[in-house]
Amino acid sequence: MRWTLFMRIAFYPCCGSDLILPLRLLNGLADRLIFCDLRQPDDQVWRRTLRGAKTPGAPSPKFVCSDATKALRELECVHVLFYRNDSTGEGGSALRVWNRTFLLPFLERLPDDGGLIVTDGSNCWPKLFRRMNRPNGVELYGWHLQPERALQARNHGVFHSKGASVSQLVWLNVRANRKDLACPSTQIS
Ligand SMILES: C[S@@+](CC[C@H](N)C(=O)[O-])C[C@H]1O[C@@H](n2cnc3c(N)ncnc32)[C@H](O)[C@@H]1O
């Protein structure tokens, strides 16, 4: 018999060692969280991450050591994009997440009922990030991005750890205005 599970996949490009808190933030919103970076996290940090993933509802973590754009294109379907604390300065990836080269492949991999972007606006043109933050959101490449105030509450309280503030995160619902390509949920057997 073939067992088929429909999984909600979250993708976090340029994660560095920011592994535990995203698992908590996305609890109940994704089944798998794919972390991606050019550098592998050290063993101790990864073991701690796996322990953190034992919390009920936490996504199961996977690490992909690769260029983020390449890793994204190798995914069949993505439901959530998580991206923060990056820059174009020293130590930052300068990844062009908000350009067509990255955002379009992400949007093309969303299921028909849309998905979610969780971000602090890293590497985003400030004017575009302001527009994303408006109550009525923004249209981008045939998709509608709009803040989801109910999820915004996740930025507060229990999700703070070791003094790391997540209050800057914006939770954007992403819905298709027009979409010709149907993306099936990822199937595992
Ligand atoms: C500023 S750090 C990110 C910090 C992390 N987001 C956090 O919240 O702690 C930038 C990271 O991007 C990674 N990086 C740089 N270029 C990359 C690429 N093309 N694909 C994937 N990761 C990349 C670097 O190895 C580094 O860990």
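The legends below describe several close-up views of one predicted model.

**View 1. The chain as a whole.** Residues are numbered from 1 along each chain as its sequence is written. Because the model is predicted, local features need pLDDT of at least 70 and side-chain atom pairs count only at pLDDT 80 or more, while totals for chains, interfaces and linings use all residues. The chain holds 6 helices and 10 strands, which are DSSP runs numbered from the N terminus (helices are H or I with at least four residues, strands are E with at least two). Of its 189 residues, 31% count as buried, meaning that 20 or more other C-beta atoms, placed from the backbone, lie within 10 Å of the residue's own.

**View 2. The open sheet.** In the order S4-S3-S2-S5-S6-S9-S8-S7, 8 strands form an open sheet with mixed pairing, where two strands pair if DSSP finds at least two bridges between them. Strand S4 (60–65) and strand S7 (138–140) are the edge strands, each pairing on one side only.

**View 3. Strand S9 and its two partners.** Strand S9 (residues 170–176) pairs with strand S6 (residues 115–119) in the antiparallel sense over 5 bridges; among the bridge partners, Ile117 faces Leu172 and Thr119 faces Val170. Strand S8 (residues 143–147) is likewise joined to S9 by 5 bridges, running antiparallel, and here Trp143 stands opposite Ala176.

**View 4. The surroundings of the ligand.** The ligand is surrounded by 19 residues, of which Cys14, Gly16, Asp18, Asn85 and Ser93 are the closest; a residue is near a molecule if its C-beta atom, placed from the backbone, lies within 6 Å of it.

Definitions and conventions
A residue is buried if 20 or more other C-beta atoms lie within 10 Å of its own, exposed if 12 or fewer, and partly exposed in between; C-beta atoms are placed from the backbone.
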